[in-house]
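Visitor: I would like to learn how to read a few features of a protein model. Where do we begin?

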Amino acid sequence: MLIIEESFERRNFINNFLKKEGYYTCPVDSGVNAIATLATIQTDIILLGFNPINSNSFDVLKSLKKDKSLKQIPVLICTNEIDDIDISEAKKLGAVGVISTQLADNAFFKIIDQFISASKINEKTGLISEETEKLSNKKEANIIPLEKKNNKEIVSKKEEFSPKLLNIVDDANPKIKNKWEQTINSIDDILIIINKDFIIEDINIKGLELLKKTKREVVGKKCFNVIHNVSSPKEFCPICKSVLTKETEIVEHYGEIFGKWFSLKSSPVFDEKGEIVKYIDIMRDISVLKDIENLAKKQKKEYQSLNEELKQTNEELLLAKEKAEASRIKYKAAFHTSPDAVNINKLDGEYVEISEGFTKLTGYTKEEVIGKLSSDINIWIIPEDRVKLVDALKKDGVIENLESVFKAKDGTLITALMSAKIIKLNDQPHILSVTREITKIKEYERKLIAAKEIAEKNEKRLIETETRFSKLFQNMSSGVAVYKPLDEGKDFKFIDFNEAAERITNTKKENVIGKKLLHVFPKMDKTPLFKTLQEVYKTGNEVHIEPFYYKDDIREGWRENSVYKLSTGEIVAIFHDVSERIIAKNKLIEQNQELIIAKEKAENSDRLKTEFLNNLSHEIRTPLNGILGFSELLTESNLTNEKRTSYFNIVQSSSSQLVKVIDDILEISKLTTKQAKTIELEVCLNDLFVETLNEFGPRAKENNINLTLKKGLRDKEATIFSDDFRLNRILNNLVDNAIKYTNVGTIEIGYFLKNNFIEIYVKDTGIGIKKENQTKVFEAFSQEDEGISRKFGGLGLGLAIAKANTELLGGEIYLISEKDKGSVFTVKLPYKPVYLLNDTSLNHLNKNSKQKTVNILVVEDEEINFLYLETLLEANFKFECNIIHASNGIEAVEICQKDKSIDLILMDLKMPILSGFDATKQIKLFSPYIPIIAQTAYVTTEDKQKAMFYGCDDVITKPIKKEELNNILEKHLNPI
């Protein structure tokens, strides 16, 4: 018996009750999962749940009856109240009857039993039996006197099901096995078949992806060894519990190895004797649900603190809403007992229902408004607000906190907030609105606004004062130094230093702030200034110092000072340089010019800061908006499973985007403050580049970009000492940048050895960079122009991070680019091989080597297949190979026309643009003696003969084995 019920509580109620009565049940939560389950088990009857508030049960029923293999299975609809269902519509769609879940247990079971006996479809006519027709026309189905089947029949039903499920994979024909594999691999959750000895017998693709293992590495192993990396079952293991209860067990557990929360469900499978032979384990990733649950708790706590006065009312409304979803009776009670005004209207404004709160607020009774339009009683003081309400509801289906003014029956004007949403009653859209009087709140808001205005005025005055002081301080022609006394005046630490002080002392502010006076000016204790600072510190009296001469290794000149003490205890010295009064005029001109430059720099810096802050705000708020917005939508109870899954994916994607922004900011901060360190370990460049190709390949394909890889060394020679994390960050940022700014075309990534340096490159056909902006793009928070950031987004940190990591590894980065034609970014790093090479090997590895090699053209449109062939050729073939790659037939023909040194061609027959057959035919016209080996997945004799007919010299079948490839190459490169 298959139970389809979205509500967890009702699904458990029906499932547990029927299991107790001896039926073999299988509960699912959606129509999609129901159809997937029906593909693997035999079902006698389907119980379909119906929710009167929001249901897609009829759509599920249509899908079941549309499938020829499922059409004859009887479907019985279960609901809270039969009045909410159009029984004729249910029968029209193919349901055999409707039953209320509010019946007593014995009555509910009796109806189920009656329908199982009566609901038989005539195999010849396809019509429902007369007994079922009569039964489905009765609303009081529980009083029909049909006899209950005996328990032996029920038990036999349970026993005849289990072996089918147990043997469906082991004993089925290939088609059923294939359907089983397709079914379990289409499930979004992780599904594992485990025998009673805890040994894994089967696992779906989702499970292999989580474990990062192949099926061969998992099947036949103990489940606790593979999943938890332990030698015995965990104490929370649901299988261990199921051994005792012989029932399905569900637990929630945090997997430390995976860093995720999982819901673990173990269901026992019985043989003909009722003994457990296997377990079906389903693991569901609920990490996002846990995060959302924690976020919801945090938000709930914040909302409660914001409006304590309305806390009780909100709790009552929330409770009423939750009860409304569980029971229509409770919903009606909450509707009428709400302290706020609650009413239901048609879209034209006609009142359908009002609450007691509506009567208390407006003075109108039900008799005075039901059936009338809102315009008939002139309740809206501002009619445009109702138009705004209706327009918003038609567009979004919901509106919150619309503030307007309403007129009560006695003429009193009421300021209130209205929230409303579209609901369906009898398949017609209606407006459910809740109105709350906010007269007291508005008064409080007016007081709050007045207080805020006063505070803003005070803050404005404070800012103006601080601004005036800052401008005065920085623009003073006199040097100003602020000191903090140390060790009872034995020394003084610089607290502030204005621009004039920098200019007079020829000392930068950043080299002064936080340092001791005698550290910056080592001979100052021999001058009157130092003694005066100590005197002012002790007495607090202002002292003027006559000009004195100071000289050290950096500066010299005459200074005139005035020293005084602040109320904070800090000492201020205002000083002038009086050494060159004669040339003061010329110096003033120079100083003015410096001020202009400083002002321009300040303005440019301010512009860059504003642009960065705007970009940062956008990059953070965009994903944060998705997280908060869709997290709130997930709390709605009327979401379909498809929408809920879509919202989960959006929250997860936005979270990843936000984490990437934060990670980039933290990383550039560590790099620029020299906190980042390198850890050199063994790194295989070929593995690193293949991982990058696999990571960015799908994204490139989505953007119609051909992403290719060129490896410069074999695996052993490509194994170097370096920091794999830094290398990965460099390569990922360069490839991400290339995909971001390439609309269509190709991106090539690769490396080669030159003069004992590894040169990594990323070449694209993107938008390119102007020559004057090519150095600018490596600066943090910079892009070529403002339009770039607006069009493509981002903070402009990717290339800055790549440059900083390159320099951290002792290398350099540079680019060659032409606007609208593309760019080539190159990273040059020292070559530190793990395996020492002699001079002969090193000369072979470097470019410009003159050693004789075999030139092999590999024609393959799939990059992964090409990399596999390249690895086989480099690692196993006894000749030195120079491998050339063509991604389609046209490219292969062009390469052969230009390069006459090709010794052999490995030709994929199935390719876009120009097939391998046609490419072979064209190449043989101008180069008939080049051996062409067809590589194909075709295995028939006719296909091989066709390849030979078009000119191929030999055929090798995919998947290609290294021994076969070596034999066929030796055969055609060394003919006897």
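Guide: Start with aromatic rings. Rings of Phe, Tyr and Trp pair if their centres lie within 6.5 Å. Keep in mind that this is a predicted model.

Visitor: How many aromatic pairs does a search of the whole structure find?

Guide: The search finds 15 aromatic pairs. One of them joins Tyr549 and Trp558.

Visitor: How is such a pair of rings described?

Guide: A pair of aromatic rings is described by two things: the distance of the centres and the angle of the planes. For Tyr549 and Trp558, the centres are 5.5 Å apart and the planes make 55°. That pair is tilted, because planes under 30 degrees apart count as stacked and over 60 as edge-to-face.

Visitor: Why does Tyr549 count as partly exposed?

Guide: Partly exposed lies between buried, under 20% relative accessible area, and exposed, over 50%. Tyr549 has 39%, so it is partly exposed. Trp558, at 41%, is partly exposed too.

Visitor: Which residues form one aromatic cluster?

Guide: Tyr483, Phe492, Phe494, Phe497, Phe521, Phe530 and Tyr550 do.

Visitor: Now the surface. Which residues gather in a patch of negative charge?

Guide: Asp687, Glu691, Glu695, Asp715 and Asp724. Helix 25, residues 685-702, gives the largest share, three residues. Glu691 is in helix 25, and its relative accessible area is 49%, so it is partly exposed.

Visitor: Which residues make a nonpolar surface patch?

Guide: Ile381, Ile382 and Leu413 make one of about 240 Å². Ile381 sits in the loop between helix 17 (366-369) and helix 18 (383-396). Ile381 is partly exposed, at 37%.

Conventions: Residues are numbered from 1 along each chain as its sequence is written. This is a predicted model: local features need pLDDT of at least 70, side-chain atom pairs count only at pLDDT 80 or more; totals for chains, interfaces and linings use all residues. Side-chain values use heavy atoms; hydrogens and water are left out. Patches are made of residues with over 30% relative accessible area and no salt bridge: like charges are joined within 9 Å, nonpolar side chains (Val, Leu, Ile, Met, Phe, Trp, Tyr) within 5 Å. Accessible areas come from the Shrake-Rupley method with a 1.4 Å probe; for residues, only the protein chains shown count as cover. A salt bridge is a side-chain nitrogen of Lys or Arg within 4 Å of a carboxyl oxygen of Asp or Glu. Lys and Arg count as positive and Asp and Glu as negative; His and the chain ends are not counted. The place of a charge is taken as NZ of Lys, CZ of Arg, CG of Asp or CD of Glu. Helices (H or I, at least four residues) and strands (E, at least two) are DSSP runs, numbered from the N terminus. Buried means under 20% relative accessible area, exposed over 50%, partly exposed in between (1.4 Å probe, protein chains only). Rings of Phe, Tyr and Trp (its six-membered ring) pair if their centres lie within 6.5 Å; planes under 30 degrees apart count as stacked, over 60 as edge-to-face and the rest as tilted.
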